[in-house]
Amino acid sequence: MRIKRIEARRFGALIDTGLTGLGNGLNVVFGPNEAGKSTYTALVRHMLYGFTDKRRAERHYEPADGLRSGLLEFDLDGETWTLERSDGKGGGIAVAVGPNGPANADEFLARVCGGVSDEVYRAVFGFGLSELSQLDSLKSIHSHLHATVAGLSANPRDAYLGLEKEASAFYKPGGSAQPVPKMIRELADKRREIRAERAEAQGSQADRERLRELEDKVSLAGEELAGSRAHLAAIESAIAGVAQLQQERVELERKEIPELQRKLDSLLAAADAVVVDDEALARLDELNELVAHLDMFEGARTQLAASVERLDELESASLEAVERVGDGWDAVSVAAVPTAGQVEDAAEQCAQEYRRALDAHEQAEKGARLAHDREADARVVATTAVASIGVQYEPGVSAVVAQRIEAVDRLLAAAGPSSRGGVLPLVLSLLLSLAGAGLSSWAVWKRDWPIAIVGGVVLLVALVLAVVVVRRRHPSDVSAYLDILGLVDIPSASNGLDIKQTLYAVRDALADHDDVSSAAVDVERVVSDAAAQLKSTETRCQETLTALGLGLAAGDPLTVPSLVRRVREAQGIAREMDRTSAQVTKSHAQCKAFSHRAVQTGVDIVNEEGFSEVSALVRLAAERSRSAAKQSLSREDARREVGIAEKELARRTEHLEGIGLRIAETISGVNIPDVITLADLEAASEGSAREVERLQETHDALRDERSRLGERLAAVADDDTLARLSLEESALVERIRAASEQYATRAVAARLISTTLRRYERDRQPAVVARAASLFEQITQGRYGEVLSPLGEFELTVRGNDAPARGQDQLSTATAEQLYLTLRLAYLESLSGPESALPVLMDVVLVNFDEQRRIETARIITEFAQARQIILFTCQESTLEAFSKADPGHTSLSLDRC
């Protein structure tokens, strides 16, 4: 039985929500505080036992609005049942619906609960941390366990306490309010009154003497009558016993012994009819062992076929892999190449170094080509520029250009105005200088940088003008400069400036050509260095790869890594071929050994190499041996039944012989001379009956005379005070005797039970307590290995090898909770009736446990969940992890806050 779904329609803070997907065994529901874990636990109990009303001192889980209602879905023996309950009188209105429609809710609840009361359910099947710490919830269960183990229908501790209470109600040492002390005081008072009355009575002494004599005779006659009656009863009992024995003897002689003899003859014939193949039976163990190893043989045979097929595939794949390695390679050269990690790393490193050197060389050559192109372009520009001034491009042309620039400067200076005409330019130069300086200073002060730049340009122009004026005021040898320039007349200022600009352009073109030529030379040097580095790298890589056995591929280091991978693939196929070949050899040897062993065992195998018929022949031989074993067992059973029948026949025969002795012993047991037969015993019975009648008449006559004499004495007495007091005294004595007997009976019984309890507590403990001790020892890692509990009491003591004996009140909160949890689990394990299938709900019961004890407890609860459904609520991730480790396949659910 399991709960498939819990639906809370209106219950406490839970409104239209539920738990679905609950599985068999362990279910762990994880949720934070206020997620409804305790409410779900209470809901299941209220659904089974009814909603509580305000008369019970517990939480009622009434919703904020509306009435309480919920639904449980069960799986009972493969059938789906639902139980709905809504608020109403008597715990609410329950409706049960099964696979065939609505059913009687009370009968369904009786079937589900299996006789478990609400108190027991709250203590064992649906409890949380608060119920775990309430010891009173286990007391009645604990007492029931002790009584059950002791073989009693009631708790002996309760019986002991009840007997003590009942005994003290009759008499208590030193007490005065109990019935016995009261009656003793009343008897003393009564006897004082009797003595006073007797002192007053003086007459009728003879009658009193006669009355006492009659009392003795009546007593003696009564004893004789009782003896005769007892003797008559013994005779009648002997008669009945003898008659029964004779009837039993007739039954044995005429029916039972003949039937046993016929049965024995039939069993002997059946045993002789069983034929056993002893030769096949002798090989049974060896053939059973062969059958037990058939799976291994079939696996080896299957493995052999698969390995042979795989070996053929690998041989073809190996040839293709060697061909993919490249020309010049064969299987031997491929196998000779080491393919350890350092070989592949070295090949990869060589390829990278060679690639870097090759890239550097190609980059250098590309740079050289660009430099040569720029140098050619610059040479064309320089040649064109030199030709524009009528000079050929040749070494030393830069000096000619510089000389011409100087000549132009000299001519421009010599071509200036006379000294009279040069004063105005000087004044203008001075004014421009003042204006430029003033403008720059103002602009700097105002932080107007464009104007400051304009002022700086004006100042520069003024300085240049002043230099020109000064030079013109001091002319040099003009003819020499005209010859250098190839001019006849001094050029005007504008023409001079044009010539100068042209010369400046030629000078710049020559300078650019010189710079580009130097750069081209540098690039050629870089190309040479890169080529040398490439050659060095190639040589070093070839040496490294040759040393690693890769000389065939050393000519092109770039292809070596891919070649190594192809070699490694080919070597992997070769290694798999070796393993497959070894597997073929191994599987063939296993199949051969099994087949040979089967032949030695006696299995008729014609072809030991094919292995195809071995399994069927072994199974056929084993089946024959098992058939022989069955025939052997049948023969043994028949012989065993023959032995049993023979023993029964002998026992019955012996019993028949003993009946005569028992008849004689029964007759002699009545102690009557000359009585040796049943007829003699019946005659003695008739005589004893007549004697009883005679003694009865005598006893009745004496009693009548005693009665008449008593009446006469009473009539002649002044009053009946003494008789009344005597009767009251007798009544008091009888009452004291009866009360004393009851007190003694209860006191002795209580003492015997107390002694038995102490001996039981010392020598035995209930199996449930012992199982709880075992679980408690496992949770505490051996710290506490023993749990003791006085019979009928709920006072627990734990004891361990390294820990002193401690009562339950001396344990820590967590350790005490662990002890009470083990008692519940042990009780669950002891159940065997319908209640054993009832699901168990636990609400945050592991919250106080430390890491190690939580893990051990999770493992124990997981084991218990194999036999019943357990729904455990928790708010701790550590508890969730502990159950995940203990049972990775458990059902895990989660809740959110309400």
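A negative surface patch is formed by Asp508, Asp512, Asp514 and Asp515. Patches consist of residues with over 30% relative accessible area and no salt bridge, like charges being joined within 9 Å and nonpolar side chains (Val, Leu, Ile, Met, Phe, Trp, Tyr) within 5 Å. Asp and Glu count as negative, Lys and Arg as positive, while His and the chain ends are not counted. The model is predicted, with local features requiring pLDDT of at least 70 and side-chain atom pairs pLDDT 80 or more, whereas totals for chains, interfaces and linings use all residues. Residues are numbered from 1 along each chain as its sequence is written, and side-chain values use heavy atoms, without hydrogens and water.

A nonpolar surface patch of about 440 Å² is made by Leu439, Trp442, Trp445 and Val454, with areas computed by the Shrake-Rupley method. Helix H15 (residues 423-446) supplies the largest share of this patch, three residues. Valine 454 is located in helix H16 (residues 449-472) and is partly exposed, at 45% relative accessible area.

The structure holds 33 salt bridges, each defined as a side-chain nitrogen of Lys or Arg within 4 Å of a carboxyl oxygen of Asp or Glu. One of them joins glutamate 353 to arginine 540, with the closest N and O atoms 3.4 Å apart. Because glutamate 353 lies in helix H13 (residues 341-388) and arginine 540 in helix H18, this pair ties together parts 187 residues apart in sequence. Glutamate 353 is partly exposed at 22% relative accessibility, as is arginine 540 at 35%.

Within helix H18, aspartate 522 and arginine 525 are three residues apart and so separated by about one helical turn; their side chains form a salt bridge of 2.6 Å, N to O. In helix H20 (residues 614-668), glutamate 648 and arginine 652 are four residues apart, about one turn of the helix, and their salt bridge has its closest N and O atoms 2.8 Å apart. A network of salt bridges links Lys4, Arg5, Glu7, Arg9, Glu73 and Glu84.

Serine 318, in helix H11 (residues 294-325), is buried, with a relative accessible area of 14%. Not counting residues up to four places away in sequence, serine 318 touches Ile573 and Met577, contact meaning heavy atoms within 4.5 Å.

Conventions:
Areas by Shrake-Rupley, 256 points an atom, 1.4 Å probe, with all protein chains shown as cover. Charge placed at Lys NZ, Arg CZ, Asp CG, Glu CD. Helix = DSSP H or I, 4+ residues; strand = E, 2+ residues; numbered from the N terminus. Buried < 20%, exposed > 50% of the residue type's maximum accessible area, 1.4 Å probe, protein only.
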